[in-house]
Amino acid sequence: MSSDLIRCGWRGMAGDPLYEAYHDTDWGVPEYDPRALWEKLVLDGFQAGLSWITILRKREAFREAFAGFDPEIVARFGEADRARLMEDAGIVRSNAKIDAAIASARIYLDMRERGQDLSSFLWAFTDGKPIQNQWNEIGQVPAQTPLAVEVSKALKAQGYKFVGPVIVYAFMQAVGMVNDHLTCCFRHDEVAAMSA
């Protein structure tokens, strides 16, 4: 993408091709595929306490380590898989986060067996449509919202871990449940048009 485009003013993004490409093509695009939503939820859990660019740079390694984020496979991960993941320098090696990721695959499948699709579950909080925000400056964008608190509580009630309100709001932004591109950003109107 051209460097003369006006983008959101994320710290560290300017001039980073990977970060700019993520902003320009992925972030904020409404995602309805349940498996893709689960992948992003797991990755945001791994982000806890870290910057998103750290996870973004490791995303392909995460995909390889977690069998392409196939919940059917990840749900069957045992001690050998857990040990393999803890030895994998390509991902974030945290016992708690790895355990949470494996458990979340089981929760995802359990929800599905009960007839509760993760996509429908999440998008019900916004009536199936993205919330269109109108932030003019990066400082106006909240770290969490009352809706993120509500979604966080609902995910925790299902058994998910690393789904506090700040993580959940970052997830909601990433998957387009909210359009938090700044109004001056070239992507704001493009993303808004995707939900029209």
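Salt bridges join Arg35, Glu39, Glu60 and Arg63 into a network. A salt bridge here is a side-chain nitrogen of Lys or Arg within 4 Å of a carboxyl oxygen of Asp or Glu. The model is predicted: local features need pLDDT of at least 70, side-chain atom pairs count only at pLDDT 80 or more, and totals for chains, interfaces and linings use all residues. Residues are numbered from 1 along each chain as its sequence is written, and side-chain values use heavy atoms, with hydrogens and water left out.

**Exercise 1.** Find the salt bridge between Glu60 and Arg63, and state how exposed each residue is.

*Solution.* 
- Step 1. Take the N to O distance: 2.7 Å for Glu60 and Arg63.
- Step 2. Helices (H or I, at least four residues) are DSSP runs, numbered from the N terminus.
- Step 3. Check exposure. Buried means under 20% relative accessible area, exposed over 50%, partly exposed in between (1.4 Å probe, protein chains only). Glu60 has 53%, so Glu60 is exposed. Arg63 has 28%, so Arg63 is partly exposed.

**Exercise 2.** Describe the salt bridge of Glu20 with Arg7.

*Solution.* 
- Step 1. The closest N and O atoms of Glu20 and Arg7 are 3.8 Å apart.
- Step 2. This pair links distant parts of the chain: Glu20 is in helix α1 (residues 17-25), Arg7 in the segment before α1, 13 residues apart.
- Step 3. Glu20 and Arg7 are both buried.

**Exercise 3.** Classify the exposure of Arg114 and Asp110, which form a salt bridge.

*Solution.* 
- Step 1. Their closest N and O atoms are 3.0 Å apart.
- Step 2. Arg114 has 47% relative accessibility, so Arg114 is partly exposed.
- Step 3. Asp110 has 37%, so Asp110 is partly exposed.
- Step 4. For the whole structure, the count of salt bridges is 13.

**Exercise 4.** Characterise the largest pocket by volume and lining.

*Solution.* 
- Step 1. The volume is about 790 Å³. A pocket is an open set of points on a 1 Å grid over the protein atoms alone, where a 1.4 Å probe fits, with protein on both sides within 12 Å along at least five of seven lines; lining residues have an atom within 4 Å of a point.
- Step 2. Of 25 lining residues, the closest to the centre are Trp10, Tyr19, Gln47, Ala170 and Gln173.
- Step 3. α1, α2 (34-47), α3 and α9 (165-174) each give two or more residues. α9 gives the most, with 6 residues.
- Step 4. The lining divides into 17 nonpolar, 5 polar and 3 charged residues. Ala, Val, Leu, Ile, Met, Phe, Trp, Tyr, Cys and Pro count as nonpolar, Asp, Glu, Lys and Arg as charged, and the others, Gly among them, as polar.

Notes:
Grid points are joined across faces, edges and corners, and a volume is the space filled by probe spheres set on the points.
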